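Let's take a walk through a protein model together. Keep the picture open as you read, and find each part as we come to it.

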Amino acid sequence: MTIVAAVQMVSTPVVEDNLATAARLVAEAAATGARLVLLPEYWPIMGRSDSDKVGKAEPLGSGVIQAAMAAMAREHGIWLLGGTLPLASEDPEKVINTTLVYDPEGRHVGRYDKIHLFGFTKGTESYNESRTIVPGRSVGTVETAVGKVGMSVCYDLRFPELFRAMGPVNLIVVPAAFTYTTGRAHWEILLRARAIENQCYVLAAAQGGEHVNGRRTWGHSMLVDPWGEVKAVLAEGEGVIHGELDLSYLDGVRESLPALKHRTM
């Protein structure tokens, strides 16, 4: 069995403050014995406006955010999946919302660019990520200490075909910044559904609280097992959840209910 952990944050517009918070919480996660740690979406910056992150975008391979992630992975000897950070795109007014993966030696070994961009309007509450983000095009998986991991980000959770395209995986990760409104309605049920239908563990790291920009995120970072049971959860506020990935249990679920083998489409 292998311990994994998810970090929950309430990120601010100040990158340096968020880097310090992440470093502290990743150290806390590593102290639990976690070999793989997941950060939430937008962990380095939750700006006062959506365009703030454009000014903090980094080219792939350099920048203070990427250097911090490499250092955290190397210092603690963990696999670190860096939630999302803003990478520079060809459009100077937009970023790529990207998950980067670092191995225990601090080497960049994987990447996933968020494909599905969130749009939501209800009353005075409105979001449109396409204004400042270029969508990704490719499914993302990476081989880690827990085997094959499928990568997704927040709004991707609503599109089950993305997870099917990953093929069999031991773990799906979901860094997110779900709104309070949509999170309260759908977050847990969607995470449990993805675990049940793909017969794998799901680890979700969320933003969870009141942000400086007035936005309220749902939180409820959690670990779900292949039977759909929630093994750990943190409702709101910054902190860490962790739990064990039991691959023999995963194999047993797939053997007793071979749904993945029964697929006809």
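In H1, the residues Val-15, Asn-18, Leu-19, Thr-21, Ala-22, Leu-25, Val-26, Ala-29 and Ala-30 are buried; buried means under 20% relative accessible area, exposed means over 50%, and partly exposed is in between (1.4 Å probe, protein chains only). Down the axis of H1, those buried residues fall within an arc of 165°, so they line one face of the helix. That arc is taken from the directions from the helix axis to the C-beta atoms. On the other side of H1, you'll find Glu-16 and Ala-31 exposed. The helix and strand names, by the way, follow DSSP runs numbered from the N terminus (H or I with at least four residues for helices, E with at least two for strands).

Before we go on, this is a predicted model, in which local features need pLDDT of at least 70, side-chain atom pairs count only at pLDDT 80 or more, and totals for chains, interfaces and linings use all residues. Residues are numbered from 1 along each chain as its sequence is written, and side-chain values use heavy atoms, with hydrogens and water left out.

What do the buried residues of H1 pack against? They pack against strands S1 (2–8), S2 (36–38), S3 (79–81) and S15 (239–245), along with helix H2 (64–76). Contact here means heavy atoms within 4.5 Å. H1 itself covers residues 15–31, which is 17 residues, and from first C-alpha to last it reaches 24 Å, close to the 24 Å expected at 1.5 Å a residue. The expected span is 1.5 Å times one less than the number of residues. Just after H1 comes Gly-33, with a positive phi of about 95°.

Now hop over to S1, one of the strands that H1 packs against. Thr-2 sits in S1, and at 14% relative accessibility it counts as buried. Setting aside neighbours within four places in sequence, Thr-2 is in contact with Arg-35, Val-146, Gly-243, Glu-244 and Leu-245.

Next up are charges. Side chains of opposite charge can pair when their charged atoms come close. The structure holds 10 salt bridges, each one a side-chain nitrogen of Lys or Arg within 4 Å of a carboxyl oxygen of Asp or Glu. In one of them, the side chains of Arg-111 and Asp-113 meet at 2.8 Å, N to O. Arg-111 is partly exposed, with a relative accessible area of 32%, whereas Asp-113 is buried at 17%.

Another salt bridge joins Glu-129 and Lys-114, also listed at 2.8 Å, N to O. Glu-129 lies in the loop between S8 (125–128) and S9 (140–144), and Lys-114 in the loop between S6 (108–113) and S7 (119–122), so this pair ties together parts that are 15 residues apart in sequence. Are these two buried or exposed? Glu-129 counts as buried at 10% relative accessibility, and Lys-114 counts as buried at 0%.

For a pair within a helix, look at H4 (residues 180–198), where Arg-192 and Glu-188 are 4 residues apart and so separated by about one helical turn. They form a salt bridge, with the closest N and O atoms 3.6 Å apart. Arg-192 is partly exposed at 34% relative accessible area, and Glu-188 is partly exposed at 36%.

Let's turn to the backbone. Most residues other than glycine have a negative phi, and most peptide bonds are trans. Gln-199 isn't a glycine, yet has a positive phi of about 50°. You'll find Gln-199 in the loop between H4 and S12 (201–206), buried with a relative accessible area of 2%. His-220 is not a glycine either, and has a positive phi of about 60°. His-220 is in the loop between S12 and S13 (221–224) and counts as buried at 19% relative accessibility.

His-220 also leads us to Val-233, which touches His-220, Ser-221, Met-222 and Ile-241, not counting residues up to four places away in sequence. Val-233 lies in S14 (residues 230–234) and is partly exposed, with a relative accessible area of 45%. Val-233 and Met-222 are 11 residues apart along the chain, but their C-alpha atoms are separated by 4.3 Å.
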